[in-house]
Amino acid sequence: MKEIILIKNGELALKGLNRSTFEDKMIKNIRRRLSDLGKVTFFKSQSTITVYPESEDFDLDEAEIRIGRVFGIAGYSRAAVAEKDMAEIEKVTLDYFSDKIFAYKTFKVEAKRSDKKFPLKSPEICREIGAAMLSAHPFLKVDVHNPDLVITVEIRDREAYIRGNQKKGAGGIPVGTSGRGAVLMSGGIDSPVAAFMMARRGLEIMGVHFAAPPYTSEMAENKVKMLTEKVSKYAGRIELYIVPFTEIQLAIRDNCPEEYFTIIMRRLMMKIAERVALMHGAKALVTGESLGQVASQTLMALACTDCACEMPILRPLVGMDKNDIVELARKTDTFETSILPYEDCCTVFTPKHPNTRPKKEDVLAAEAQFDFSPMIEKAIQNIRFEIIEGR
Amino acid sequence: MVYLDYSATTPVCEAALKKMNEIYKTNFANPSSTHFAGLRARQALEQARKTVAERLGAESDEIYFTSGGTEANNLAVFGAVEAAKKHRDKKRIVVGAIEHSSVFESVKKLANDGYDVIFIKPDRHGNISAADIAGAVDENTILVSLMYVNNELGSVMPVKSVKSIIKAKNSPALFHCDCVQAFCKKKFTHNTLDADLISVTGHKIFAPKGIGALYVKKGVKIMPRSFGGEQERKLRTGTQAVALAAGLAAAIEDFDTENYGEKVKEVNRYARSELKKIEGIIFNSDENASDYILNFSLPGYRSETVLNYLSEREICVSSGSACAKGKLSHVMSAVTDDKREADSAIRLSFSHLNTKEDIDKFISALKSAKEELIKAQ
C-alpha cells in the first residue's frame with residue numbers, strides 16, 4: 001500500500017500576499033529535513049502540502065516524526081493512496097485501519113471530492129465506507145458529533161487519499177522567515193528553550209557558546225553541542241560558535257569589583273556575541289534570561305547588559321515561571337541533558353554577594369578600569385565553530 | 001597518557017584477551033544448548049566459574065555470574081531482603097554510610113519502602129568502627145552490607161567482625177560484603193570474611209567490563225531479580241557471557257596479588273611523600289587505607305577544574321565529588337562537613353603498571369595547576 005503525508009499550513013493561511021513566500025520557505029525546510037530519507041515530491045494545493053515519497057525504501061515513520069517538528073505546520077496526517085475506484089477505496093480503507101482500529105470505539109467518515117466527475121457524491125462515499133467499516137468491525141459505532149476516529153476520504157484529480165485523525169503540528173511560522181538570531185547557549189535549562197521559542201517564531205538560529213577551560217570541561221562543551229542538536233531538530237541547521245573565554249574571565253576577576261563579576265561578564269558576552277552575530281548575518285541576540293531568576297537577571301541588571309550592545313536582545317522567557325520553562329524543556333527533550341552536572345562559564349567565578357541592583361554608571365566605571373578590547377579581539381580570532389545539521 | 005584511575009577501570013590483560021578471542025571465535029555456542037558445541041561452551045563457563053570460586057575459597061556452585069559489581073550488589077541486597085520476608089516484622093538493614101552507590105541507592109529505596117535502614121557513619125578518613133556496627137545490629141536485622149575497601153577513599157572496613165556481631169545479637173541477618181575494590185588485590189576467602197554474599201567484578205582487575213559475580217554461601221537463599229530461563233540456577237537468568245566469564249577467570253589467574261601489591265605500595269608511598277610537600281594538601285585516605293587508592297583534597301581548587309586541567313595534559317585521575325551544580329559525593333560529604341575539602345577531593349588509584357615517573361608527571365602538573373588556576377571562592 002502506498003502511503004503519503006498530508007500537511008496543513010498553520011498561521012500561514014493568514015498571511016495574505018506573502019503567503020507563497022512563507023509556504024515556499026516551509027516546503028524548503030521540510031525538504032531539507034527529509035533529504036536523507038530518499039526521493040520525495042511535494043505538491044501544493046490550497047492550504048495542503050502533499051509529501052509524496054518516490055522511492056520504495058522511503059522511511060515514512062521517520063519522515064512523520066520530523067514533519068511533526070517543522071514550524072509553520074498546524075497539522076499533518078498520513079494517508080493511504082488508492083485508485084479512484086470505489087471498490088478499491090473500500091478495500092484500501094479496510095486494510096489501512098485494520099491494525100489500529102481497536103483503539104477506537106466510535107467513528108465517522110468524511111468525504112471531500114475535488115474531482116467532481118467521480119461517480120459517487122460525498123454523502124454516498126461516506127455511507128459506503130461507513131457500512132464497510134461497520135460490517136468488518138462490529139464493535140464500532142458511528143458518532144457524527146464527537147467520534148474517536150474521523151476517516152477522511154479525499155477524491156483528488158489523480159488518486160484518492162484515505163486518512164485518519166490529523167496530528168497537531170509544531171505550530172509557529174517557518175524558520176528563516178523572520179531573519180537570523182544568535183542565541184547565547186550556556187548549557188543550562190533556559191537557553192535551549194529560548195532558542196526553541198524564537199525558532200518557532202521563524203527565527204533562523206545560530207549559537208554562541210562561551211567556554212572557559214579548564215574551569216569548564218570538554219564535557220560541558222559536548223553538552224552544549226548535544227543541546228544544540230536537540231534544538232536543531234526543530235530549528236533546523238544551526239551553526240554553533242565556541243568562544244574561548246577563560247582569559248577574559250580571569251581578567252574580570254583580577255580587575256573588577258567582585259559584586260560586578262557576573263554583570264560585567266554578561267556585558268562582555270553580549271559584546272562578543274554581537275560581533276559574532278554581525279559577522280554571520282544575524283540581526284538579534286537571544287538569551288534565556290527570565291526576570292528576577294538570578295542576580296544578573298533583575299531589571300536593573302538586565303538594563304546593564306542591554307546597553308552593552310546595539311542589537312536588540314530577545315528574551316522570550318522573560319516573563320515565564322521556571323516551572324513553565326522546565327515543562328517546555330521537557331517537551332523539547334532538552335531538560336535531561338541540561339541538568340547534567342558540568343560546570344559552565346556562568347557559574348565558575350560566581351561572586352558571594354552579587355549586586356542585584358547595579359547602577360549602570362557604576363558598572364560602566366568598573367568595566368572601564370581595564371581595557372578588555374585586545375582580549376575580545378583575541379577571543380574572536382580564536383572562535384571555533386561547528387555545524388549541526390538538524391533533521 | 002598518565003593513567004592514575006585504575007579503580008575506575010583497567011585495560012584488559014593479554015591473557016584475558018587471548019582467552020576471549022579464542023572463545024568468541026571457536027567456542028561460541030550457547031552454553032545451555034544440548035549439542036556438543038553447547039557442551040563445550042558450558043565446559044568453558046564452568047571452568048571459569050571454578051577459577052572464580054577458587055579465588056574466593058568457595059565451591060563452584062556458590063558462584064553466580066552477573067554483568068558486574070552493580071548487578072551483583074543489587075542482586076545481593078534486594079535478593080536477601082526479598083528472601084527475608086519470611087521473618088515478617090524484622091525490617092532492619094545495617095549498612096556503611098559510604099557504600100558504593102549500587103548498595104547505597106538500593107537501601108535508600110528500601111528505606112522508602114518502609115525498611116529501617118541504619119547508616120553507620122565513618123570517621124574523617126572513611127573508617128568505620130566495629131563497635132558502631134555492634135550498636136546498630138539487633139535481633140530484627142535482616143541484612144548487613146559492608147564493603148571491604150571503599151572505592152573513593154580506600155579505607156578498609158572491619159568486615160571480619162560483622163558475622164560475629166550478627167551471631168552475638170541472635171539476628172537472622174545475612175552479611176553481604178561488596179569486595180569490588182578488594183578482589184584479587186587483598187588476600188581473602190569467603191572464610192576469612194565469613195560472609196554470606198560477596199560481590200566481585202572483572203574490570204577492576206584487568207578483565208573485561210560486563211562481567212562480575214556474586215558468591216552465595218551454600219545453604220543461604222536469596223531471591224532472583226530476573227526471571228525466565230534456567231541459567232545460574234535461576235538466580236540470574238539470561239544467556240551467560242561465556243567469553244567474558246573466561247576472560248574474568250584468565251585475569252584472575254594472571255593477577256599476581258603479592259607482586260602487584262608490592263609495586264602499588266611503592267608507588268602509593270612515593271605519591272604520598274611527594275604530595276606531602278605541596279602546601280595545603282589534606283589526605284582523605286589515611287595510612288591504613290588500601291595502597292591501591294590515595295585520596296586527597298586541595299581546598300580552594302575545585303576537583304572538576306583540576307581534573308580538566310590534568311585531562312588537558314593527558315593525566316587521568318578521578319574526583320570524589322561532582323561539581324557545584326551536581327551533588328557532592330555521598331562519601332565525601334559523609335566524612336567531612338567542610339565543603340571546600342569535599343569539593344576539592346582527588347582520587348588517585350594505582351596498578352602495577354604505574355611507575356614513579358607517572359607520579360612525577362602528575363605531581364608536576366598538579367603543582368602548575370596550583371600556580372595557574374585561580375582559587376575558588
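Guide: Let's start with D61(A), which counts as partly exposed because its relative accessibility is 47% (buried means under 20% relative accessible area, exposed over 50%, and partly exposed in between, with a 1.4 Å probe and protein chains only). Before going on, a word on the numbers: this is a predicted model, where local features need pLDDT of at least 70, side-chain atom pairs count only at pLDDT 80 or more, and totals for chains, interfaces and linings use all residues. Residues are numbered from 1 along each chain as its sequence is written, chains are lettered from A and ligands numbered from 1 in the order in which they are written, and side-chain values use heavy atoms, with hydrogens and water left out.

Back to our residue. The side chain of D61(A) meets that of R78(A) in a salt bridge, 2.7 Å from N to O; the term stands for a side-chain nitrogen of Lys or Arg within 4 Å of a carboxyl oxygen of Asp or Glu. D61(A) sits in helix α2 (residues 60-67) of chain A and R78(A) in strand β4 (residues 73-82) of chain A, so this pair ties together parts that are 17 residues apart in sequence. Helices (H or I, at least four residues) and strands (E, at least two) are DSSP runs, numbered from the N terminus. The two also belong to a network of salt bridges that links E3(A), D61(A), E64(A), R78(A) and K167(A).

Now hop over to chain B. There, the side chains of K187(B) and E258(B) form a salt bridge at 2.8 Å, N to O. This one links distant parts of the chain, 71 residues apart: K187(B) is in the loop between β6 (174-178) and α7 (190-193) of chain B, while E258(B) is in helix α9 (residues 257-276) of chain B. K187(B) counts as exposed because its relative accessibility is 65%, and E258(B) counts as exposed at 53%.

Another pair is E274(B) with K277(B), whose closest N and O atoms are 2.6 Å apart. Here E274(B) is buried, with a relative accessible area of 13%, whereas K277(B) is exposed at 58%.

Over all chains, the count comes to 54 salt bridges. Between chain B and chain A, though, the count is zero. The contact itself takes 15 residues from chain B and 16 residues from chain A, contact meaning heavy atoms within 4.5 Å.
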